[in-house]
Amino acid sequence: MSAPAMGTRKTAHTDSSNKKKKGPGTLAIAYLVIYNVVMTAGWLVIAVGLVRAYLARGSYHGLYYSIEKPLKFFQTGALLEILHCAVGIVPSSVVLTGFQVMSRVFLTWAVTHSVREVQSEDSVLLFVVAWTVTEIIRYSFYTFSLLNHLPYLIKWARYTFFVVLYPMGVAGELLTIYAALPYVQKTGLYSITLPNNYNFSFDYHTFLILVMISYIPLFPQLYFHMIRQRKKVLGHVEEYSKVE
Amino acid sequence: IKHNKKRQVEILDAKTKDKLCFLDKVEPNATIGEIKSMFHKSHPQWYPARQSIRLDPKGKSLKDEDVLQHLPVGTTATFYFRDLGAQISWVTVFLTEYAGPLLIYLMFYFRVPFIYAPKYDFTTSKHWVVHLACMCHSFHYVKRLLETLFVHRFSHGTMPLRNIFKNCTYYWGFAAWMAYYINHPLYTPPTYGEQQIRLALTVFLFCQIGNFSIHIALRNLRPPGSKTRKIPYPTKNPFTWIFLLVSCPNYTYELGSWLGFTLMTQCLPVAFFTLVGFIQMTVWAKGKHRSYLKEFRDYPTLRSPILPFIL
C-alpha cells in the first residue's frame, strides 16, 4: 500500500510553494531539485529497462532481474526523503514519510530480495510497474513544483493515476508476500527460536501475515485520503472554468 | 453596591456560536465549577467533567476554582463551551491499567492452559529467579495500585475515555509479552547467575523504596483536596536527596527499577519495555521541568528533568 505514496506528501508541497514567510533556503531548493531530477531519471531508467527486457524476451516472466539493481538503488535512495523531513527542507511529517518509505524498502529488501523464489513471480512485476509509473510522475511533480512551473498535465496525472496504480501496487505487494510465506516458514528466515540467552523469539512467517493483515485498515484510509485530495486539488480548477 | 449585584451568564458553543444556555441571577462569587453544575442541569448529557469553559472560543479552559467576579467579564458574562468528550476518572484508569499486568503476569506464571504446550499446563518453573521475578513484578503493581488508592493526589479528576484503551493496550500488552518469555518452559536464567540476580534485586528494591519515597514527598507538598503546586525539596529521607539533582526523581527511580528487572530476568522484551517507558517518562519529565521553570522564578538551576546532569 506504499505503491503510490502520494497525497499526504503532496499537500505539504503546495503548502511550501504557497508559504511566503519561511521555507527551505535557495541552497535547499537547488539540492531538492537535483534530488528529484535524479530520482525521476532513475525511475525512467527502470521503466526503459522493463520495456526493453519485455521486447527482447517477448514475455512478462522474470523481468525483475533486468531492473533489480536500479530498483534497489533508487528505492533505497528514497530513505533520504525521511532526512529531508527531519531537517525541515520538506514540510511533511517525518513519521508518515518514514512509514511510507520503510514499507517500500521492506518489500524490496526483506521480501523480494530475501526470498529468491518469489523473484520470478508475476506479482513482483505488478508492483514494480505500479511503483515505476507512480514515482516517475511523483518526482517530476516535485521537480516542477520546486521550479514553480507545474504543467497541469503532471498535476492531473499525479492525482488521477493513483486510482488504478494504488490498488495495482497493493495487489502486487500482497501477492508477493503471500508467495513468500511457505519459503519463509520452511527455512525459518529471519526467525529466532527459544531457548537463547536473551529470552526472545521472533517468527518472521507470523510477522509477514500480520503485515498483510495491516493492509486491511491502512489501505482504505490512504486511498480515500487520496480521493479527497483529488477532489480538492483538481476540483477547484473545474470551478474556475465554469466561472469563465 | 455593584459588587453584590447578581450577574447573568450566557454560554455559547465555541464552534457554532449557538446560545446553549442562559443563567440568570448568578452570584458574583460563583465559581466556574458551580456554573458548570448549573449548565449540566440544562444539558444533562454534558456532566461538568466534560465541559471546557473559556472566555475565548480558541482560548484556554478556565479552571473550576476561578471566580466569576474576578474574570474580565461584564455584568453579563459570555463563555464559550467545548465538549471534551466522554471522560473517565484518573483513579479508574490507573486501577484498570495496573490490575491488568498484575493478573496477566500471574496467568503466565501459573502456566494457565492454552499459552504453552499442554504438557506444561499448571506446572512451575524450575528456576528460582522466575519465582523471584514474579514476586517483584507483582509487588511493583500492587504498590502502584495502593499508591493510586492512598497516596497520589491528582490535579485533574478525569481524562478522555479513549485513553483507557490506549493505556491498557500498552500496559497489558507489554505485561503479556514479558511474562510469556520469563515463564516459558525454555526460559534461560541470567548468564552470571546468582551474582547478577542479587545485584539486580538490590537495584530493584532500592528504586522501589526510592520511588515510593518520592510519591510520599510529593503528596506531602499538597494539603488534602487541594491542587496547589510547590517546588519539591529533599526531606530527611535520604531517598529524596535526589531532588537536588533531578526534577522528577519518581521517573528516575522507575527507570532504575525496570533496569533492575531487566538485569534480573535477562529478557529482551523487558529491555524493550524499559526503553519505551524511559522515552515516555523523559517526555513527561521535560514537560514537568519546563512548567516548574515557568512557574517558579527561584527554581533550582542544578536540576535536570530526569537524569542528573544528562537529560
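What follows is a talk about the labels used for this model and the values behind them.

Modeller: Happy to! This is a predicted model, in which local features need pLDDT of at least 70 and side-chain atom pairs count only at pLDDT 80 or more, while totals for chains, interfaces and linings use all residues. Residues are numbered from 1 along each chain as its sequence is written, chains are lettered from A and ligands numbered from 1 in the order in which they are written, and side-chain values use heavy atoms, with hydrogens and water left out.

Biologist: What makes B:Asp64 and B:Lys36 a salt bridge?

Modeller: The term asks for a side-chain nitrogen of Lys or Arg within 4 Å of a carboxyl oxygen of Asp or Glu. Here the N to O distance is 2.8 Å, so the pair meets the definition. B:Asp64 sits in the loop between β3 (51-54) and β4 (76-83) of chain B and B:Lys36 in helix α1 (residues 32-42) of chain B, so the pair ties together parts 28 residues apart in sequence. The helices (H or I, at least four residues) and strands (E, at least two) are DSSP runs, numbered from the N terminus.

Biologist: Why is B:Lys36 called buried?

Modeller: Buried means under 20% relative accessible area, exposed over 50%, and partly exposed in between (1.4 Å probe, protein chains only). B:Lys36 has 7% relative accessibility, so it counts as buried.

Biologist: What makes A:Arg138 and A:Glu81 a pair?

Modeller: Their closest N and O atoms are 3.2 Å apart, a salt bridge. A:Arg138 is in helix α6 (residues 122-146) of chain A and A:Glu81 in helix α4 (residues 80-87) of chain A, so parts 57 residues apart in sequence are tied together. A:Arg138 and A:Glu81 are both buried. Salt bridges with shared partners join A:Glu81, A:Arg104, A:Glu135 and A:Arg138 into one network.

Biologist: How many residues make the contact between the chains?

Modeller: Contact means heavy atoms within 4.5 Å, and chain B gives 13 residues while chain A gives eight. Buried area is the accessible area (1.4 Å probe) that two parts lose on being put together, summed over both; for chain B and chain A this is about 910 Å², 58% of it on carbon and sulfur atoms. Between chain B and chain A there are zero salt bridges.

Biologist: Which helix of chain B gives the most to the side that touches chain A?

Modeller: That is α7(B), with three residues.
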